[in-house]
Amino acid sequence: MENPNIIRVGDLDFPQRKVWMKTYGCQMNYHDSERILSHLSKLNFTATDVEADADLLIFNTCAIRDLANQKFYSHLGETKHIASKKDVVIAAGGCIAQTEGKDLVKKYKQLDFAFGTDVIDNIGEMVYRVYAGDRKFSVTTWDRSEDYSIETKITHGSPQAFVNIIKGCDKFCSYCIVPFTRGREKSRRLDEVVKDVQRLVEYSGVQEITLLGQNVNSYGKDNGESLAQLLGELEKIDGLELIRYTTSHPYDVSDELVAAHGSLKKLANHLHLPVQSGSNTVLQRMLREYTVEHYLGLVEKMRKANPNIVISSDIIAGFPNETEEEHQDTLKLLRAARYDFIYAYSFSARKGTKAARIDDVLTEDIRGRRLREIMDLQNEIQAEIRKTMEGQTYRMLVVEKGSFKGESKWTGRTSCNRLVHFTPKDESDMLWHWVDVKVTSATTFSCQGELLADFGKKAARV
Ligand code: SF4
């Protein structure tokens, strides 16, 4: 009689096993990790948060910032202790593995295999290979097919899903490693994405999607389609409540897309529009292809199209040889753009990029000081903007429960991407409920509110 706890694949039996995954970096990586887990479920793996309990450890790496790199190398180094105690399979995937896969496998004895960003969907075959006795290999090939065609895989029961619509990037900003780790742009066909989302809504109860891509505004260029067209089609899907997308490049924001922000009801009241610097000369050295004036013009157009839109951004402090004047221009831009929040980082050189070859005179002290000035100013602006939320009511999806100063509260995410914490009326489970919450106090980092209405898990028009 067949053992129901064992899955037979090819010549091998796969008993129930556990996989532990550590994901670094952006939403794309988190989305890839979910995809990996979904593939591995076919080989009888279930996810665990406890590293010591796992039979398979996977690191999904990020090459964008030095800090994430260092954390990965150090954690991978520590796994040799686990490997010395039990028979565990260890793999590294993602952006670092794409460029350094072979070297990693050579250097770290406990690492069984490495895999790049374009072979995620072959993870099952790679794991099979290991259990068939083949260890110490690296797969970093690029997908050469003309079309980019996938089906979104989700492993969770939440109504939120990431949907990848374009991979790679053709921009080659001078500081960025992504075009080398993720390859050139390739979009999924519009009708395929629409059917994919329809399926997620109908069969998996998804109500909120985030369209993903390194430069999502380039979506469809290779097929004569566009992001604005796609958003218009997704708007028509019954049961889909909220649509987000990330990440945008200002150069590729079309008038059609600006208009979509004014007309589409399901499009979130939030846009993440990375500016990186407020200085035209730095933007030139970054090869960003737009000016500060063009950027601020876009912000104005977006706000005109949708007065409720909330805009956030990314800033790099201390790009090589940035002058004090250029840094001051970034502070000026912060005052003009008035972002709801920003992700700001000190420049860190990524090997292989143009910026890494610049003979740089800035010290880490200067970078640190400029980063602090950027954050201090942003925090002031943020406090002023958030204060205006007080007394306003927001419809939002409840995403988690937590404890605040000893008090148990639920947290919701608004359409404009702000988190608001509120006290429940009773002990009932409110996860994934749509609620109306009135903001009672809002500071730079935290918004507290009062629950006005609970609509349950379905059918709240945002
Ligand atoms: S557009 Fe974004 S992903 Fe592409 S090279 Fe520039 S920073 Fe990197």
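A residue is taken here to be near a molecule if its C-beta atom, placed from the backbone, lies within 6 Å of it. In this predicted model, the residues around the ligand are, on that criterion, Cys169, Lys171, Phe172, Cys173, Cys176, Val178, Pro179, Gln214, Asn215 and His249. The protein chain is divided into domain 1 (6–139), domain 2 (160–386) and domain 3 (393–454), and the largest nonpolar core comprises 99 residues.

**Ligand surroundings**
- Sorted by class, the shell around the ligand consists of 6 nonpolar, 3 polar and 1 charged residues.
- Among the residues of this shell are Cys169, Cys173 and Cys176, together with Lys171 and His249.

**Domains and their contact**
- The centres of domain 1 and domain 2, taken over C-alpha atoms, are separated by 30 Å.
- Between these two domains, 12 residues of domain 1 are in contact with 14 residues of domain 2, and the elements that give two or more residues to the domain 1 side are helix 1 and helix 3 (95–107).
- The residues on that side of domain 1, where domain 2 is touched, divide into 4 nonpolar, 5 polar and 3 charged.

- In soluble globular proteins, nonpolar side chains tend to be buried together.
- Within the largest nonpolar core, of 99 residues, the members with the most contacts inside it are Val19, Ala114 and Ile165; because domain 1 (6–139) and domain 2 (160–386) both give residues to this core, it lies between them.
- A second, separate core has 15 residues, including Val435, Val439, Ala442 and Cys447.
- When neighbours within four places in sequence are left aside, Val19 is in contact with Leu37, Leu40, Phe45, Ala47, Ala54, Leu56 and Ile58.

- The buried residues of helix 8 are Leu257, Ala260 and His261, and since they cover an arc of only 100° around the axis, they are placed on the same side of helix 8.
- An α-helix has 3.6 residues a turn, so residues three or four places apart point the same way.
- The packing partners of the buried residues of helix 8 are helix 7 (227–235) and helix 10.

**Backbone features in loops**
- The peptide bond that runs from Thr246 to Thr247 is cis, with omega near 5°, and Thr247 is placed in the loop between strand 13 (242–246) and helix 8 (255–263).
- Asn44, a residue other than glycine, has a positive phi, near 75°, and its place is in the loop between helix 1 (27–41) and strand 4 (45–47).
- Asn44 has 17 other C-beta atoms within 10 Å and is therefore partly exposed, the class that falls between 12 or fewer (exposed) and 20 or more (buried).
- Glu289, although not a glycine, likewise has a positive phi, of about 70°, and is found in the loop between helix 9 (280–286) and helix 10 (292–305).
- Because Glu289 has 14 C-beta neighbours inside 10 Å, it counts as partly exposed.

**Arg357**
- Arg357 lies in the loop between strand 16 (341–346) and helix 12 (364–387), and it counts as exposed because it has 12 C-beta neighbours inside 10 Å.
- Arg357 and Pro320, which are 37 residues apart in sequence, are 9.7 Å apart in space, C-alpha to C-alpha.

Definitions and conventions
Residues are numbered from 1 along each chain as its sequence is written. This is a predicted model: local features need pLDDT of at least 70, side-chain atom pairs count only at pLDDT 80 or more; totals for chains, interfaces and linings use all residues. Helices (H or I, at least four residues) and strands (E, at least two) are DSSP runs, numbered from the N terminus. Ala, Val, Leu, Ile, Met, Phe, Trp, Tyr, Cys and Pro count as nonpolar, Asp, Glu, Lys and Arg as charged, and the others, Gly among them, as polar. Domain bounds come from an automatic or database domain assignment. Two residues are in contact if their C-beta atoms, placed from the backbone, lie within 7 Å. A nonpolar core is a set of buried Ala, Val, Leu, Ile, Met, Phe, Trp, Tyr and Cys residues joined through C-beta atoms within 7 Å. The arc is that of the directions from the helix axis to the C-beta atoms.
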